[in-house]
Amino acid sequence: REMLGVLEICGSLLGRVTADSPLSILLAASAFVLSLGYLLPLGSRGLLTLPGGILTKYPPYISSTIPFLGHAVAFGKSPIEFLENAYEKYGPVFSFTMVGKTFTYLLGSDAAALMFNSKNEDLNAEDVYSRLTTPVFGKGVAYDVPNPVFLEQKKMLKTGLNIAQFKQHVPIIEKETQEYFKSWGESGERNLFEALSELIILTASHCLHGKEIRSLLSEKVAQLYADLDGGFTHAAWLLPGWLPLPSFRRRDRAHREIKNIFYKVIQKRRQSGEREDDMLQTLMDVTYKLAFPLRAAAVSTPAALRMLNLDETSASTSAWLGFFLARDKSIQEQCYAEQKAVGGEDLKPLNYEQQLKDLNMLDRCLKETLRLRPPIMTMMRMARTPQTVAGFTVPPGHQVCVSPTVNHRLKDSWIESLEFKPDRYLQDNPAAGEKFAYVPFGAGRHRCIGENFAYVQIKTIWSTLLRLYEFDLINGYFPTVNYTTMIHTPDKPVIRYKKRSC
Ligand code: HEM
């Protein structure tokens, strides 16, 4: 009976989503496969028997009367509220079902430690991420390769993200920002997120892909990037990749075209015999056997380049930072005063050594933005082996999740947790000394390698913008969070700006 109910609901939902019939059939087929994923674990809730016959408890399960979809609608509408309510009711570890998958959340620093200290063989990242990332990045990198190989790739990429490189990046980013914002004129109201997304594609590409690839960026290529990023969606994560959805087709075409652009640039640089001191050169020179076997290097270099271009995370963070500064004019003015304090009254061109490193107030504002609006709301792993946490055992097959957003605002860890208070970091232990209370860049073996570059990029962009303009909210509107995108971007992100007289 439950099976029929599930299929009925899937059918009617999918019927509404799609009007053309071959697609409906394909979607219905995949819904059937997914519904099996829901039904199979039904019989196995309750107690779990571990090897050696030990009986143990599953985490508290939040049941739902809606078959297959489970809590998808409530969670999709307001995930943070859903998780915070569940934390109050069930404690730091609990499970629930959405679209046929069972999720177990580990909230708070102590529970999150299970994920951050785990081995990839036990809590596995490829199992949950590769269907999203491989079509976007390409084969041979990240979650398409065994984790020891990816770890070596990360190590190698990190060597290219060093201070010597950052010193070169700062003037590049400053110039790109000045050029880009020329079109904004003296004053007005514009979509800040859209502008920063476009700018960050240019700056990240210039800094990490090199000047040749930057010079090829046009409106058409920007659209290709947008189509490729369109691959990071809930649909791409939930539905089989072979479905002929228009967004999947656009993503795959963009992937091929961008790969070709990278190929041509790499070939041209090789043939010219010229060498540059940049990330592209680092990748072209790589001889690590494990990370990029020589034969495959030609395939994986463009993919590695693409992996470096995680623009949405930085664009969303930069836009939120702008709105926090616009909302609190006194903090904005302190940041501007700091620009003059480190750059002189005449605001000398930015540089890494004497200025960017000393912009402590801006640094704290960025840190606080990443606390309240971390772009990656949930980190996820697939439990491959039983995992014990807080007296419960998470069985294999559960998707184990940690949410930076929730950890960053737990009242047990943070004072005035919802307030934007950059000066909280002047204290030694702003989060009661808890190790995983603040994790915008993750932790453990999957920790982000782009943190320092993201700080350099966002601080340089905002230094330039603070020097150019004064920002205000429009009629006091502070954007709500758009939960429909995988990265939680600001909704209706239009800001008012006026050129500074000096
Ligand atoms: C504000 C900007 C950024 C934020 C908040 C951010 C956040 C994160 C988080 C939370 C993770 C951990 C994912 C997990 O454990 O499942 C991660 C991993 C990673 N990030 Fe970032 N990231 C940012 C920018 C970047 C940039 C600019 C790059 C590239 C230059 C980058 C490259 C990576 C890589 C390669 C990983 C490793 C994933 C793994 O080992 O599984 N990130 N990032």
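These legends walk through close-up views of a predicted model. Residues are numbered from 1 along each chain as its sequence is written, and side-chain values use heavy atoms, leaving out hydrogens and water. Local features need pLDDT of at least 70, side-chain atom pairs count only at pLDDT 80 or more, and totals for chains, interfaces and linings use all residues.

**View 1. The shell around the ligand.** Look for Y129, Y143, K154, H446 and C448, which come nearest among the 23 residues around the ligand (those with a heavy atom within 4 Å of it). Within this shell, α16 (311-327) gives the most, with three residues. Helices here are DSSP runs of H or I with at least four residues, and strands are E runs with at least two, numbered from the N terminus.

View 2. Polar contacts are pairs of N or O atoms within 3.5 Å. Here, a polar side-chain atom of Y129 sits 2.7 Å from a ligand oxygen atom, and R381 also places one 2.7 Å from a ligand oxygen. For H446, a side-chain N or O atom is 2.6 Å from an oxygen atom of the ligand.

**View 3. The iron atom.** Find C448: its SG, at 2.3 Å, is the only protein donor of the ligand's iron atom (donors are N, O and S atoms within 2.8 Å of the metal, or 3.2 Å for Na, K and Ca; water is not among the atoms, so sites may look incomplete). C448 belongs to the loop between α19 (404-407) and α20 (451-468).

**View 4. Where α16 meets α17.** L325, A326 and R327 of α16 touch K329, I331, Q332 and C335 of α17, with contact meaning heavy atoms within 4.5 Å.

How values were computed
Polar contact = N/O pair within 3.5 Å; in protein donor to acceptor, adjacent residues only side chain to side chain.
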